[in-house]
Amino acid sequence: MSATLGVLLKELDPSLTLEIFESRDEVATESSDAWNNAGTGHAALCELNYTPEKADGSVDVSKALQINEAFKVSKQFWAFLVEKEHLSKPRTFINRIPHLSFVHGAKDCAYLKKRFEALQKNHLFEGMQFSQDPVQLAEWMPLVMDGRDPAEPVAATRMTIGTDVNFGALTRSLVAHLKKMPGVTVHLQHEISDVRREGKAWRLDVIDRAQNRRRPVLAKFVFLGAGGGALPLLQKSGIREGRGFGGFPVSGQWLRCLNPELIARHGAKVYGKAAIGAPPMSVPHLDTRMIDGKQGLLFGPFAGFTTKYLKNGSILDFPLAIKPDNLVPMTAAALQNIPLTKYLIGQVLQSPQARLDALKEFVPHAKMGDWKLEHAGQRVQVIKKDPKKGGILQFGTEVIASKDGSIAALLGASPGASTAVSIMLKLIGDCFPDQMKSPAWQARLREMIPSYGQSLIRDAKLHARVTTWARSTLDLRDEVAVGK
Ligand SMILES: Cc1cc2nc3c(=O)[nH]c(=O)nc-3n(C[C@H](O)[C@H](O)[C@H](O)COP(=O)(O)OP(=O)(O)OC[C@H]3O[C@@H](n4cnc5c(N)ncnc54)[C@H](O)[C@@H]3O)c2cc1C
């Protein structure tokens with residue numbers, strides 16, 4: 001998120017001076033690192049949680065349209081950076097992998113068909129295929145269909161233009177580009193320990209871990225893009241807009257495939273339906289990954305409960321974030337979400353056999369020895385005030401900016417890194433409203449993101465033009481070889 005913001009701001013105003021502080025000895029080792037997230041280019045092509053069924057039985061596609069458009073904004077920006085040679089070799093960070101939704105049972109098959117029909121009405125989802133034919137499905141996802149009970153009704157949709165994104169590699173390339181620009185300094189092993197007002201500026205207390213010393217830094221504008229570490233820093237800033245916010249940490253685990261034959265037989269991201277009571281980010285999926293030029297395969301995520309806000313954080317993160325101003329929202333959210341807490345505890349206590357059983361729903365012939373359990377990144381779900389309920393837990397992202405636009409933070413992690421560009425454009429609009437409206441910035445934004453200020457959802461011709469360009473510039477024309 002910070003790397004995206006930095007590049008956007010420097011493109012808009014090359015004279016800006018930027019300092020980036022990263023507590024670890026490398027950037028993108030937390031949620032953005034490749035194996036810490038699923039690397040799905042979230043465009044709502046296969047994620048069923050973005051298309052809920054309404055009470056009248058119809059399928060609500062509004063969120064799917066919005067996420068699809070946001071991902072296409074990201075793709076345009078990345079294509080612009082590739083064209084300018086600020087990012088090289090797109091296949092190091094983005095690869096074309098079909099996205100499939102897969103369901104079983106008559107009820108879910110009927111839902112998937114309705115979802116397919118509803119999405120077909122918009123050009124954003126052109127090219128989506130639907131099938132209930134086991135032979136066709138076996139061609140699309142042999143591992144998933146092998147050994148399945150032929151009497152069980154199954155259905156899938158497939159979009160061949162889905163992507164796998166290595167957000168870690170992308171972040172490192174963006175930061176490498178930033179480092180080459182005049183006026184940008186990247187400080188690794190530098191942790192921000194405090195943020196407070198000093199006159200008209202913000203004073204950051206920075207701990208230089210390598211030199212074991214502290215120093216203050218003054219800044220006119222601060223972005224707290226610290227992932228799970230953003231909430232404690234927001235609280236330290238004391239801004240009125242940040243009051244009442246809390247965070248509920250959810251950890252994740254994957255089963256990572258060790259068997260090269262199985263990895264080679266699956267070439268898709270296959271998303272299923274979340275179990276009843278499961279949070280939206282716990283939708284099970286069997287994911288082909290392309291990391292450092294190698295094909296990989298993961299299944300998950302299994303959620304877990306932890307009190308850490310970062311994978312490399314402290315178990316005190318959650319208790320220390322409970323403050324007088326968020327006590328009511330945190331307590332209200334906790335009381336409303338007892339089933340979620342029970343679900344998460346159940347996930348933590350899951351036996352290896354129970355995890356294998358969950359995997360067998362996707363890969364009926366799965367064997368324990370072919371898979372290894374690994375820890376994914378942390379997500380900190382936003383808790384915020386609610387006039388009726390006292391407090392609510394939400395699963396999206398929230399940009400919080402001070403009224404004068406001098407400081408902003410990003411909380412939450414969904415749909416996540418895929419929509420980083422749209423999220424950061426919103427943040428720039430909140431914090432630099434006058435510059436954002438200026439003809440110079442508007443023109444530059446249209447150069448960077450050709451659809452900027454227009455609707456890809458409504459304008460089919462614009463959509464066709466920009467997606468053709470972005471696809472070809474990002475080298476997304478060929479599918480990864482699908483296993484047999
Ligand atoms: C299990 C899982 C699966 C996911 N799957 C997907 C997916 O498929 N697609 C998708 O688009 N998104 C996905 N996401 C979400 C996505 O990973 C995040 O939205 C995104 O990576 C967040 O980026 P960030 O820059 O905000 O945070 P991070 O990548 O966590 O970066 C924050 C950085 O701040 C540093 N930091 C923290 N505190 C301090 C401090 N005090 N001082 C200095 N530095 C500090 C950290 O070391 C870290 O490098 C997933 C997330 C998880 C956990």
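**Close-up views of a predicted model**

View 1. A disulfide is a covalent bond between the sulfur atoms of two cysteines. Here the term is used for a pair of cysteine sulfur atoms within 2.5 Å, and the structure holds 0 disulfides. C257 counts as buried, at 6% relative accessibility, and C431 also counts as buried, at 7%. Buried means under 20% relative accessible area, exposed means over 50%, and partly exposed is in between (1.4 Å probe, protein chains only).

This is a predicted model, in which local features need pLDDT of at least 70 and side-chain atom pairs count only at pLDDT 80 or more, while totals for chains, interfaces and linings use all residues. Residues are numbered from 1 along each chain as its sequence is written, and side-chain values use heavy atoms, leaving out hydrogens and water.

**View 2. A glycine in a loop.** Look for G227 in the loop between strand 11 (222–224) and helix 7 (230–237). Helices (H or I, at least four residues) and strands (E, at least two) are DSSP runs, numbered from the N terminus. G227 is partly exposed, with a relative accessible area of 49%. From C-alpha to C-alpha, G227 and W371 are 29 Å apart in space, and they are 144 residues apart in sequence.

**View 3. Isoleucine 345 in its helix.** You can find I345 in helix 11 (residues 338–348). With a relative accessible area of 40%, I345 is partly exposed.
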